[in-house]
Amino acid sequence: MKHHILLVEDEQDLGHVVSEYLQVMDFLVTWQKTAEEAYASFCSKPGQYHILIIDVQLPGSNGFELAQRVIKINPGIPFLFLTARNEKKDRLFGLKIGADDYINKPFDIDELVLRIRNIIRRNNTAGTSGNSLTVGDITLHKDVLKLSIANAKKDISLTPREAQLLEYLFLNKNRVVKREEILINLWGENDYFAGRSLDVFISRIRKQLATSKHIKIENVYGVGFIFSCKDENPAA
């Protein structure tokens, strides 16, 4: 099956080159030049796209605003940002709203392809395994990207990266998990921006777990985290 990419890039030459190369690399590509056109395209068939590649600086609405509108329709859709601005605040904001990656212009097209394939592979791993994991009073439904917490009114929707990180923590509960271990195994790299991305996701997961009576994520200063599960079987 070919994976379908929604490319949102207003620069004519760059958009043409990226679109053509991705098709040569066996992707299906829909290329839109504005946020409004891209949003309309996504809304018309929200289930057909496997990933969005979004330029941050677009005419009219910017790429951040587009991404925020898109994830209201499909919270699990993976996306990465392209930008000509190497500003830390932009990177952190993009990661905060759920971006799977962030790449600066000018970029190597083969690196972009590799990052796209890695994101799609991680998404497939997180979203199609067809089973659930339960620890304490929480259950991770990997097949539908949902988190259930006992006594909560409704399930929590997860992004593929959140589900992947939660699964890794589930499988390594009650032990110190080093930051570099998570970054290498899940992000594929251990650098400053990957580290900040991890911090954003840990913060979001902590908020999602706020109502759990048995699970919390503890910091081990300068080392990593402990996914702590207390009273996992209180009736035993």
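This report walks through helix packing, a few loops and the cysteines of one predicted model.

Residue numbers start at 1 in each chain, following the sequence as written. Since this is a prediction, local features need pLDDT of at least 70 and side-chain atom pairs count only at pLDDT 80 or more, while totals for chains, interfaces and linings use all residues; side-chain values rest on heavy atoms, with hydrogens and water left out.

Helices (H or I, at least four residues) and strands (E, at least two) are DSSP runs, numbered from the N terminus. Two packed helices are described by the angle between their axes and the distance between the axes. Here the axes are lines fitted to C-alpha atoms, for helices over the stretch in contact, with angles running from 0 to 180 degrees between N-to-C directions.

| Pair | Crossing angle | Axis distance |
|---|---|---|
| Helix 4 and helix 8 | about 40° | 9 Å |
| Helix 7 and helix 8 | roughly 100° | within 10 Å |

On naming, angles under 35 degrees count as roughly parallel, over 145 as roughly antiparallel, 65 to 115 as roughly perpendicular, and the rest as oblique. Helix 7 and helix 8 are therefore roughly perpendicular to each other. In this pair, Arg 179, Ile 182, Leu 183 and Trp 187 of helix 7 are in contact (heavy atoms within 4.5 Å) with Ala 194, Gly 195, Ser 197, Leu 198, Asp 199 and Phe 201 of helix 8. Sorted by class, that contact has 6 nonpolar, 2 polar and 2 charged residues. For these classes, Ala, Val, Leu, Ile, Met, Phe, Trp, Tyr, Cys and Pro count as nonpolar, Asp, Glu, Lys and Arg as charged, and the others, Gly among them, as polar.

Helix 4 and helix 8, by contrast, are oblique to each other. From helix 4, Lys 88, Arg 91, Leu 92, Leu 95 and Lys 96 meet Tyr 192, Phe 193, Arg 196, Ser 197, Val 200 and Arg 204 of helix 8. The tally for this contact is 5 nonpolar, 1 polar and 5 charged.

Helix 7 has its own set of buried residues (under 20% relative accessible area, with exposed meaning over 50% and partly exposed in between, using a 1.4 Å probe and protein chains only): Glu 181, Ile 182, Leu 183, Leu 186 and Trp 187. Just after the helix, Gly 188 takes a positive phi of about 80°. Then there's Glu 189, sitting in the loop between helix 7 (179-187) and helix 8 (192-208). Glu 189 is partly exposed at 30%, and touches Leu 183, Ile 184 and Ala 194, if you skip residues up to four places away in sequence. Between Glu 189 and Asn 104 there are 16 Å, C-alpha to C-alpha, and the two are 85 residues apart in sequence.

Most residues other than glycine have a negative phi, and most peptide bonds are trans. Asp 26, in the loop between helix 1 (12-24) and strand 2 (28-32), has a positive phi near 80° and is partly exposed at 45%. Asn 174 has a positive phi too, near 60°; its loop runs between helix 6 (160-171) and strand 10 (176-178), and its relative accessibility is 43%, so partly exposed. The peptide bond from Lys 105 to Pro 106 is cis, with omega near -10°, and Pro 106 belongs to the loop between strand 5 (101-104) and helix 5 (109-127).

**Cysteines**

With a disulfide taken as a pair of cysteine sulfur atoms within 2.5 Å, the count is 0. Cys 43 is partly exposed at 34%, whereas Cys 229 is buried at 9%.
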